[in-house]
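Open the model in your viewer and keep the selection tool at hand. The stops below move from one group of side chains to the next.

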Amino acid sequence: MPQTKQRNTVILSRPADEKLEGGNLCYHCGTACTTTKLSVQDKLFCCEGCKLVYEIINENGLCNYYELENHPGLSQVKPVRKDKYAYLDNEDIAKKLYKFTDGNNTIVTFYLPGVHCSSCMWLLEHMQKLNAAIVESRLNFTKKEITIQFRKAEITIRQIVELLTTIGYEPYISLDETDKKERSSFDKKRIYKLGVAGFCFGNIMLLSFPEYLSISNGIQHEYANLFRIMNLILALPVFFYSATEFFTNAWAGLKQKMLNIDAPIALALIIMFARSLYEIGTATGAGYLDSLSGIVFFMLVGRIVQDRTYQSISFHRDYKAYFPIAVNVVTESGVVSRHLQELKEKDVVELHNDEIIPADAIVVKGRARIDYSFVTGESEPVSVDVGKTVYAGGRQKGEQLTIQIVKPVAGSYLTSLWNHNAFEKDKTTQNRQNSVIHVLSKYFTVVLLVLVAATAVYWAFTDFSKLIPAVTAMLIIACPCALLLAVTFTNGNLLRLLSNNGLFLRDAFVIEQLGYINHIVFDKTGTLTEDVNEYSFTGDDLSANEIQAIYSAAISSSHPYSKAIVKYVGEQDVLSCSSWEEYTGNGVQASVGGYDILIGSETFVNVQESSANKNAACYIRINNKLTAFEITPKLRDSIPEVLSNLNHNYKLSLLSGDNNRQQKSLQEVFSSDSKLLFEQKPVDKLNYIASLQQQEQKVLMVGDGLNDAGALQQSNVGITLASDVNNFTPSCDAILDAKKFIQFPSLMKLAKSGRTIINITFAISIIYNIIGLTISMQGLMNPLFAAVLMPASTITIVLITTGLSSLMARRYKLQLSAQTKT
């Protein structure tokens, strides 16, 4: 093992309890320091964790980390339990994380939520200086993923994870990392096809200029044939390689007896290529190879713009991305780490504070305080007695807990939710099939074929020599490229503008669906409310001495409500307790400074029914005074404005797994005809949305947790609200950055404007087709006119869609470009 360097730490000789003025910030993370006792040389730190990180970075000569950005640490470095990653010592578990290993040289990739600036990148790409056994480290900043190559004989994967955690970049390791199939990344083949098409298109245009510019005089015969043959050679890779996806998609649609938009495009390409072969072979013309290569090039550009937008965001996540990779199982030989999928009934599992219950189980030992907010939506932790059942997905809050598995992971309540038939729907395929462009393509193709047939019949009896030129020219000019480009570039621009303003869509078809939405359903916990709570005392007035006594009684309890009371009251001098006892699941009884104090449940504090407060989290009785302690999830500041704007255009509903404590305040921001439902289970939410859809309503669901997953999938469009768009979110159609929630009404308007923009560009493309078809039906179309008309229509569509999209964004006061992140 590489030797650890000795630290040289200098502590300033200041009083340990000296208080600082405002503005003294932690040198590592920027948090305000409350004391000078944590310092190295002239640098102050807010906690031991930040100080330790600085010492490690400093002793390894990496202090450039602090020069690139001020206070580059994202937040305070929290202490981590020493054995938290002990399961990685189990080679069977560790090898599931390996991307490659030859027994010694090993490569792993971790997701690091804490990555946020250039300093992060610089430090993480110099990890070999922190430990010589690390050969190389590379950070994908967009995906927040670090790939590390190391020598396994000198450093273990556990030590690498602990090193990352120590310097403030704790990896997020979940069951999904070992169970998922490698998702297809961006299709590089399409990039290669685009490159080939672009190269050939440019050269074909260049070689065609002599013929364009010599219409009246002509060019020498041998040069004309040479340029035409060279164009044909350049067109071969475009037709047989770059354009293959159009032929493949068209054939797939025909096999399903469906005319998709690629069918008429493929037909036009075949006709163009065949007629060009004929004209060049018979020396009667140059053909349409420039138009063919141009069409393929611009079509590929449009599709790549759409496809490349969100490679860094995952929209297809399930409970496995939320669950841990392994748990601690108690056996006769001691505690061992075991992969989650290997858990069996009757296995005994140890859980620590903030760890997730891996499967349905019964409590064997310890005080269970389970936070089910991400599963049911209930914001308050639930007390569970020994012998009672706890459910997968809940998070233990408090002391160590021992549970016994009663159902395997596959049979738990949470997994059964994911097996609901709503998750069997392929929304992407449905949206694609119902897209306006594919519906339009059916009619477009039928109308075109009717016109072609009519033209063929006319010239067959009038002038047979014009039949083939007229029919082929019609099929070439009436290619629905302009129609498809109208949709492709409009959606591409809207995807870009929406993402610049914090709304990331899974694909372009979601934009079209957003335009049809008429009913929006909100979750409450974590969606309309923030991750912080508001506290208040309601009841008899309390004096400063009584508050100090309550503080002294509550501070010794580890119960979340006691901790909340301590936080709300603020720091006080602690009075000695003449007696103090905590009754598990009930409350605290104490005598402090002559006050008899009870803190706990309604029954424990002996609250009469007439004095009960339905909004109380717990009660406090101090001598003869009674007060209720209320904990209310804080509504986002933007909620009144957002809902007020949405009320004008949409029907609104609220579905919450929480109790109805906030019903009055929520009713004030929702319209009078909005339906607010509380204590809703995940299946209830799903069924409610299904019932709205049966009433022919197009439903948008906005949620944030696993409890919303079924509703998000059942809805026409499901949007997940996320504080960090890269962190865990359930499967959805779009992810909305919580910081941009105030812009949600404007983003909906922008998405809806896509239909207007597409209609305008459709009208323009139809005018282009009418002009082209009129000329072609008369047998007057020539290659030069086609070479000018087709690119001109394409450029017109691109400019109009870009201009109108930007105009709409300005109209709704949205930013046109992404803000620089530091």
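**Charges over rings**

Select Arg369 and Tyr561: Arg369 lies over the face of Tyr561, at 5.6 Å from the ring centre. A charge sits over a ring if NZ of Lys or CZ of Arg is within 6 Å of the ring centre and within 35 degrees of the ring normal. Next take Lys43, whose charged end sits over the ring of Tyr27, 5.4 Å from its centre.

This is a predicted model, where local features need pLDDT of at least 70 and side-chain atom pairs count only at pLDDT 80 or more, while totals for chains, interfaces and linings use all residues. Residues are numbered from 1 along each chain as its sequence is written, and side-chain values use heavy atoms, with hydrogens and water left out.

**Aromatic pairs**

Rings of Phe, Tyr and Trp (its six-membered ring) pair if their centres lie within 6.5 Å; planes under 30 degrees apart count as stacked, over 60 as edge-to-face and the rest as tilted. By this rule the count comes to 21 aromatic pairs. Select Phe45 and Tyr54, a tilted pair at 5.3 Å centre to centre with 40° between the planes. Both Phe45 and Tyr54 are buried (under 20% relative accessible area, with exposed over 50% and partly exposed in between; 1.4 Å probe, protein chains only).

Move on to Phe537 and Phe629: their ring centres are 5.5 Å apart and their planes at 55°, so this pair is tilted too. Phe629 counts as buried at 0% relative accessibility, and Phe537 as partly exposed at 23%.

Finish with Phe239, Phe240, Phe247 and Phe273, which form one aromatic cluster.
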